[in-house]
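Please read these points with the sequence and coordinates open. They go from the overall fold to single residues.

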Amino acid sequence: MSFLRDTGTSSEDYDLILTGDLGFSGSELLLELMKKEGVSLSNHNDCGIMIYDREKQDVHSGGSGCGCSASVLCSYILKKMQQGELKNILFCATGALMSPTSSMQGESIPSIAHLVNIKAE
């Protein structure tokens, strides 16, 4: 939302808004939160969802981890951009800084996300 506000753009200005590894559960939560703020993300997809076939594989919520972002972006999305199918995307790789010690001590799990606007000519 900050990026859209700062750039004066809306979600409809992008061919695809892609998150890293929210999976099905996280993506549903993202869409719900954005809807409450009046932002529609009808062009959203998630690398953790795209990397598996939920119908054929027992993956529950989808993929997790930085491998989902890198694999889907580099093998599938960038190819679609080269072919002209996608011209302007927002890519937000997501992650958590997991520490078994912190979790066992009841500490919160720090998270990180970086947003990149990728355009094809």
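1. Helices (H or I, at least four residues) and strands (E, at least two) are taken as DSSP runs and numbered from the N terminus. On that basis the protein reads α-β-α-β-α-α-β-α-β along its sequence, with five helices and four strands.

2. This is a predicted model, in which local features need pLDDT of at least 70 and side-chain atom pairs count only at pLDDT 80 or more, while totals for chains, interfaces and linings use all residues. Residues are numbered from 1 along each chain as its sequence is written, and side-chain values use heavy atoms, with hydrogens and water left out.

3. The confidence score, pLDDT, is the predictor's own for each residue and runs from 0 to 100. Its average over the protein is 87, and 94% of the residues score at least 70. Strand S1 (residues 16-19) has the highest mean, 96, and helix H5 (residues 100-104) the lowest, 77. Where pLDDT is low, the predicted coordinates should not be read in detail.

4. Along the principal axes, the C-alpha atoms fill a box of roughly 50 × 35 × 25 Å. A residue is called buried under 20% relative accessible area, exposed over 50% and partly exposed in between (1.4 Å probe, protein chains only). Of the 121 residues, 32% are buried. A contact means heavy atoms within 4.5 Å. Among contacts with a separation of 6 or more, 63% are between residues 24 or more positions apart.

5. Two strands count as paired if DSSP finds at least two bridges between them.

6. The pairs can be taken in turn. S1 and S2 are parallel, with three bridges, and Thr19 stands opposite Asp46 in S2. S1 and S3 are also parallel, with four bridges; here Ile17 is opposite Leu90 in S3. S3 and S4 run antiparallel and are joined by nine bridges. Strand S3 (residues 88-96) is mostly covered, with seven of its nine residues buried.

7. The expected span of a helix is 1.5 Å times one less than its number of residues. For the 14 residues of H2 this should give 20 Å, which agrees with the 20 Å between its end C-alpha atoms.

8. Which residues of H2 are buried? They are Gly23, Phe24, Ser27 and Met34. Seen down the helix axis, the buried residues of H2 fall within an arc of 125°, so they line one face; the arc is that of the directions from the helix axis to the C-beta atoms. These buried residues pack against S1, S2 and helix H3 (47-50). The face turned away from the buried side carries the exposed residues Glu28 and Lys36. After H2 comes Gly38, with a positive phi near 80°.

9. Met1 lies in the segment before helix H1 (2-7) and is partly exposed, at a relative accessible area of 35%. Leaving aside residues up to four places away in sequence, Met1 touches Met34, Glu37 and Val39. Met1 and Leu33 are 32 residues apart in sequence, and their C-alpha atoms are 11 Å apart in space.

10. Gly95 belongs to strand S3. Gly95 stands opposite Ile112 in S4. Leaving out residues up to four places away in sequence, Gly95 touches Asp21, Ser111 and Ile112. Pro110 is 15 residues from Gly95 along the chain, with 8.8 Å between the two C-alpha atoms.
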